[in-house]
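Please keep the sequence and the structure in view while reading.

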Amino acid sequence: MNQTVLVVDDAAFMRMMVKEILTKNGFQVIGEANDGAQAVERYKELRPDLVTMDITMPEMDGIQALREIKAFDPSAKVIMCSAMGQQAMVIEAIQAGARDFIVKPFQAERVVEAVKKTLG
């Protein structure tokens, strides 16, 4: 069975890019969310093997969503996505339990490498 992924980003274009990279590489994108609150809901509903999570989003940011997902499921695997210059937030995300992070603009090889490494 394909490993399942939930893609979270407030920009539809970014979700589409990540989804395309993952699908081409044999992963199954089972859901999308456009803010942190929706991400937590979708995670509980879909139970994906992995989440790619944008850090900066309306409603609830990625770090807060990460904390809520980890509280719900301590074994959750989350990779954070950030723009350049968000190092402090990336460190905070790793401390909150993120497994890895990828920087925008996405490089397909880096996305696939992070996902494969995290899913092990």
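Arg-110 is partly exposed in this predicted model, at 25% relative accessibility. Its side chain meets that of Asp-100 in a salt bridge, 2.9 Å from N to O. The pair links distant parts of the chain, since Arg-110 lies in helix 5 and Asp-100 in strand 5, ten residues apart. Asp-100 has a relative accessible area of 6%, and it counts as buried because this is under 20%. Asp-100 and Arg-110 also belong to a network of salt bridges with Glu-113 and Lys-117.

In the whole structure, ten salt bridges are found. The table lists three of them, including the one just described.

| Pair | N to O distance |
|---|---|
| Arg-110 and Asp-100 | 2.9 Å |
| Lys-19 and Glu-32 | 2.8 Å |
| Glu-20 and Lys-24 | 3.5 Å |

Lys-19 is partly exposed at 33%, and Glu-32 is partly exposed at 27%. Glu-20 and Lys-24, by contrast, both lie in helix 1, four residues apart, which is about one turn of the helix. Glu-20 is partly exposed at 44%, whereas Lys-24 is exposed at 67%.

The strands named above belong to an open sheet of five parallel strands in the order 2-1-3-4-5. Strand 2 (28-33) and strand 5 (100-103) are its edges, each pairing on one side only. Helix 1 lies across strands 1, 2 and 3, at about 170° to strand 2. Helix 5 packs on the sheet, touching strands 3, 4 and 5, and its direction makes about 175° with that of strand 5.

Conventions
Residues numbered from 1 in each chain as written. Predicted model: local features only at pLDDT ≥ 70, side-chain atom pairs only at ≥ 80, totals over all residues. Heavy atoms only, no water. Pairing = 2+ DSSP bridges. Helix = DSSP H or I, 4+ residues; strand = E, 2+ residues; numbered from the N terminus. Contact = heavy atoms within 4.5 Å. Axes fitted to C-alpha atoms, helices over the stretch in contact; angles between N-to-C directions. Salt bridge = Lys/Arg side-chain N within 4 Å of Asp/Glu carboxyl O. Buried < 20%, exposed > 50% of the residue type's maximum accessible area, 1.4 Å probe, protein only.
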